[in-house]
Amino acid sequence: MGRAYQNRKDSMAKTAAAKTRVYSKYGREIYVAAKSGGTDPDANLALRGLIDRAKKDQVPTHVIEKAIDKARGGAGEDFSTARYEGFGPGNCMVIVDCLTDNPNRTFGDVRVCFTKTKSKIGTPGSVSHMFDHCAILAFNGDDEDLVLETLMEADVDVTDIENEDGLITVFAPNTEYAKAKQALTSAFEGLEFEVDDIQFLPQTTTPVQGEDVEMFEKFLDMLNDLDDVQNVYHNAEL
C-alpha cells in the first residue's frame, strides 16, 4: 500500500488561518467519542487515539479537556455521523465524512460543494466499494516479523505490514482497530504511534490533470470550510 495513505486523506488545515476550524472539528469528534465510549482514554482507545492525533496537530489541551468535560456532563448537542459519496473534478472518487446535528443542512451544504465544482454527488455505496476501510498504525521499528507474530497471537486480522526506512505500518480492517492497538501497546512498552487512524484507502487511483486540478483544490477547500465535515477521502492522483 505504501505511504500513499498520507496523500489520500485531505488535511483539515493547510494554513494557520484554519486552526480554529481544526480545533472545532477535533472538539466535536472528541466529544462524540467520549460520549459514546466513555470519558476515560485508558478504557476508550478510540478517544485516546483522537487525543493523540489532536495533540500532534497542536490542538490546545483546554480544547480537548472542554470536549471531554462536556461529554462527562451528559449535556450538549446530539451529533450523528453522515457520509456522502460521489465523483469530484476529473471524475475522481470522493468520500466525505461528517458529524452533524442537522443532517438536512449538512447534505445541502455538501451538495453545493459538488455542484459548484462540476462534481456529482452519488448515492450511498456508489464509490465506497472501491475503498478499503482500514485501521492504520505506524511506529518506529525494524522487526515486522515480530510485529506480525504479536498481532497473530492476539487474533488480529492483519491486512498488511510494511517496513519502510525504519517505520513499521500495520494495516487492518477498521473493525480490528481497538484489538490491534491494544495488542501492540501491551507487547511493546512505551510504544508511540506516528500514525494512529482509521481511513478509507482507495483500491485504484484516478489522474486529475489540467484545469481539473484547480477545480479539485477548490472542491477540497469548500468542503473543509464546512464545520460539519470531518474528513475527506479521495483517489485523486495529482
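Me: How many bridges pair strand 5 and strand 7, and in which sense do they pair?

Reply: Good place to start! Keep in mind that this is a predicted model. Strand 5 and strand 7 are joined by seven bridges, in the antiparallel sense.

Me: Which other strand pairs with strand 7?

Reply: Strand 6, residues 160–164, pairs with strand 7 over five bridges, again in the antiparallel sense. Here N163 stands opposite I168 in strand 7. Strands 6 and 7 form a hairpin with two residues between the strands. Look at D165 in that hairpin: its phi is positive, near 55°.

Me: What joins strand 5 to strand 8?

Reply: Nine bridges do, and the two strands run antiparallel.

Me: How should I think about the side chains along a strand?

Reply: The general idea is that side chains in a regular strand alternate between the two faces of the sheet.

Me: How many residues of strand 7 are buried?

Reply: Six of the seven residues in strand 7 (167–173) are buried, which makes this strand mostly covered. To read that word, note that buried means under 20% relative accessible area. In strand 8, eight of the ten residues are buried, so strand 8 is largely enclosed by the rest of the structure.

Me: Let's turn to charges. How many salt bridges does the structure hold?

Reply: The general idea is that side chains of opposite charge can pair when their charged atoms come close. This structure holds nine salt bridges. One of them joins K181 and D196, with the closest N and O atoms 2.5 Å apart. K181 lies in helix 7 (residues 177–187) and D196 in strand 8 (residues 193–202), so this pair ties together parts that are 15 residues apart in sequence.

Me: Are K181 and D196 buried or exposed?

Reply: Both K181 and D196 are buried. There is a network to look for as well: R28, D101, R105 and D228 are joined into one by salt bridges that share partners.

Me: Which residue forms a salt bridge with R72?

Reply: That is D69, and the closest N and O atoms of the two are 2.5 Å apart. Both residues belong to helix 4 (residues 61–73), where R72 and D69 are three residues apart, about one turn of the helix. D69 is partly exposed, at a relative accessible area of 46%.

Me: Where do R21 and D225 lie, and how far apart are they in the chain?

Reply: R21 and D225 form a salt bridge whose closest N and O atoms are 3.2 Å apart. This pair links distant parts of the chain, 204 residues apart: R21 sits in helix 2 (residues 19–37), while D225 is in the loop between helix 8 (211–224) and strand 10 (229–234). R21 is partly exposed at 26% relative accessible area, and D225 is partly exposed too, at 45%.

Me: Which residues gather in a patch of negative charge on the surface?

Reply: The patch brings together D142, D143, D145, E149 and E153. Take D143 as your landmark: you will find D143 in the loop between strand 5 (131–140) and helix 6 (144–153). D143 has a relative accessible area of 36%, so D143 counts as partly exposed. Happy exploring!

Notes
Residues numbered from 1 in each chain as written. Predicted model: local features only at pLDDT ≥ 70, side-chain atom pairs only at ≥ 80, totals over all residues. Heavy atoms only, no water. Patch = residues over 30% accessible without salt bridge, like charges linked within 9 Å, V, L, I, M, F, W, Y side chains within 5 Å. Areas by Shrake-Rupley, 256 points an atom, 1.4 Å probe, with all protein chains shown as cover. Salt bridge = Lys/Arg side-chain N within 4 Å of Asp/Glu carboxyl O. Lys, Arg positive; Asp, Glu negative; His and termini not counted. Charge placed at Lys NZ, Arg CZ, Asp CG, Glu CD. Helix = DSSP H or I, 4+ residues; strand = E, 2+ residues; numbered from the N terminus. Buried < 20%, exposed > 50% of the residue type's maximum accessible area, 1.4 Å probe, protein only. Pairing = 2+ DSSP bridges.
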